[in-house]
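Hi everyone, thanks for coming.

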Amino acid sequence: MKKASKIYLWACVVLVAAAIAAVAAVMVIPSHHDLARDPYAIERIVKVDLPEIVEVESEDNLDRGSSRWDVYTHLVQFGDALSEESIKKLDQRCHNDSQHWLKNAEEGYYRYTAEGGVDELYAIDCEIHHDYAYLTYTVDESEGIFLFVAILLCAYLMLLWGVVLVVVGVVKRIIKNKRQQQ
């Protein structure tokens with residue numbers, strides 16, 4: 001087997017392995033849409049133990065005409081007030097991570113904000129009050145498309161590379177046969 005063919009086959013193996021790993025990661029790691037849709041995921045989002053949720057009011061804008069953003073809002077009512085342990089944890093977060101956490105002592109709530117991802121993929125705004133929380137989670141509707149576009153682009157390039165290798169191989173064989181006939 002020629003060196004170019006070996007390199008091509010190894011590149012195909014790497015592409016397939018990367019695609020399998022990407023699909024596995026998508027299946028294991030929750031998407032922002034999954035987190036945003038679930039009002040009971042608030043603890044996973046803010047990474048603080050909160051009281052049990054007893055009532056939820058949720059809304060989304062999925063019936064809109066056109067927008068790039070899917071917006072999920074949840075008003076969750078706690079069964080109990082914030083515990084002293086939760087308040088200590090929230091105070092620590094405000095002290096240690098002031099980029100994401102803020103304590104509004106006047107109005108009596110803690111605010112968690114986060115944003116990120118490729119091309120501002122998501123934004124989170126969560127107010128945690130004494131006995132309820134209000135969460136707004138905004139997600140780009142094209143979440144995950146970059147991964148699939150990259151895999152598709154690589155597959156297209158691999159196909160193009162394979163066609164070029166076949167054409168080069170056929171041309172070389174034709175030239176070799178013509179030389180042998182002379």
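Let's start with α5, which gives the largest share of the lining of the largest pocket, nine residues. Helices here are DSSP runs of H or I with at least four residues, strands are runs of E with at least two, and both are numbered from the N terminus.

Before going on, a word on the source: this is a predicted model, where local features need pLDDT of at least 70, side-chain atom pairs count only at pLDDT 80 or more, and totals for chains, interfaces and linings use all residues. Residues are numbered from 1 along each chain as its sequence is written, and side-chain values use heavy atoms, with hydrogens and water left out.

Back to the pocket. On a 1 Å grid over the protein atoms alone, a pocket is an open set of points with protein on both sides within 12 Å along at least five of seven lines, and lining residues have an atom within 4 Å of a point. The volume of the largest one is about 430 Å³, counted as the space filled by probe spheres set on the points, which are joined across faces, edges and corners; the probe is 1.4 Å. Its lining includes Lys2, Ala4, Leu165, Arg173 and Gln180. Two elements give two or more residues to that lining: α1 (3-28) and α5 (145-181).

Now the whole chain. How many helices and strands does the protein chain have? There are five helices and six strands, in the order α-α-α-β-β-α-β-β-β-β-α. The radius of gyration, taken over C-alpha atoms, is 26 Å, well over the 16 Å from the globule rule for 182 residues, so the chain is more spread out than a compact globule. That rule is 2.2 Å times the number of residues to the power 0.38. Along the principal axes, the C-alpha trace spans about 95 × 40 × 25 Å.

As for burial, 28% of the 182 residues count as buried, meaning under 20% relative accessible area, with exposed over 50% and partly exposed in between (1.4 Å probe, protein chains only).

Threonine 136, in strand β6 (residues 132-140), is buried at 19% relative accessible area. Beyond neighbours within four places in sequence, its contacts (heavy atoms within 4.5 Å) include Val71, Tyr72 and Ile124. Alanine 150 sits in helix α5 and is partly exposed at 38%. Its C-alpha atom is 13 Å from that of valine 23, 127 residues away along the chain.
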